[in-house]
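Here are a few friendly notes to read alongside the model. Please keep the structure open as you go through them.

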Amino acid sequence: ERIRQSMDKANLYALEFSKTMNPLAQELVDKLNSNAEMMRQQIVQNLQEVNSRLSPYTEQLHQKIRGGLQNLQESLREQVDLDAETIRRELSAGMEELQEMVQLSMEAFQENVAPYSEEVRLKVNQGFEQFRQGLVPFVAELQVKIVQKAQELRKNIVPYAEDLSGKLSEYDQQMREKLNSVWENTD
């Protein structure tokens, strides 16, 4: 009966420990979810900002390419009456000119975009660092709470465990004595 009572008390302390730790674990999960959502929103905002900054450059590039294609198309219309060899030469020259214009436009686009790309990379890195630094004190506090709860549990369970050990030793001794007496009586 005493052993069962001791086991019941030990189970109660284990349940109490579980009730204490579950809110701490949930708090950690909630904090991680909140920080992850904030980080996601910051990244979306940064990408929208970069998109709005790059939009004029992409539109300008698109217009230059469209203009170059229209010029080439007009040039080809004028040359339709010429023979195939002349058309091929004109087309080749127009394509080379268009290719050079696209290459120059792409280089200008890349030069204009480079600072924004670096800015986005820095903002994302800064956001991750802030996220990490925000978790450090929380994790440290959680570790302290876990250690405290484990110490409280150990403090509360040790007397019952010692009592249970003593009772088991006493019960073992009684059983040995009874078995010895049964063996002696069978001889």
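Is Arg66 buried, partly exposed or exposed?

1. Arg66 counts as partly exposed, because its relative accessibility is 37%. Please bear in mind that this is a predicted model. The side chain of Arg66 forms a salt bridge with that of Glu59, at 3.8 Å from N to O. Glu59 is partly exposed too, with a relative accessible area of 38%.

2. The salt bridges come to seven by the rule used here. One of them joins Glu37 and Arg40 at 2.7 Å, N to O. Both residues sit in helix H1, three residues apart, or about one turn of the helix. Glu37 is partly exposed at 32% relative accessibility, and Arg40 is partly exposed at 46%.

3. Another pair to look at is Arg53 and Glu49, whose side chains meet in a salt bridge at 2.9 Å, N to O. These two lie four residues apart in helix H1. Together with Glu119 and Lys123, they are linked in a network of salt bridges.

4. Do check the two asparagines in helix H1, Asn46 and Asn35. Asn46 counts as buried because its relative accessibility is 3%, under the 20% cut-off. Beyond its sequence neighbours, Asn46 touches Val120, Lys123 and Val124. Asn35 is also buried, at 12% relative accessibility, and is in contact with Phe131 and Leu135.

5. Finally, the largest nonpolar core has eight residues, including Val50, Leu54, Phe109, Val120 and Val124. H1 and helix H2 (84-186) each give two or more residues to this core, and H2 supplies the largest share, with five.

Key:
Residues are numbered from 1 along each chain as its sequence is written. This is a predicted model: local features need pLDDT of at least 70, side-chain atom pairs count only at pLDDT 80 or more; totals for chains, interfaces and linings use all residues. Side-chain values use heavy atoms; hydrogens and water are left out. Buried means under 20% relative accessible area, exposed over 50%, partly exposed in between (1.4 Å probe, protein chains only). Contact means heavy atoms within 4.5 Å. A nonpolar core is a set of buried Ala, Val, Leu, Ile, Met, Phe, Trp, Tyr and Cys residues joined through side-chain atoms within 4.5 Å. A salt bridge is a side-chain nitrogen of Lys or Arg within 4 Å of a carboxyl oxygen of Asp or Glu. Lists of a residue's contacts leave out its neighbours within four places in sequence.
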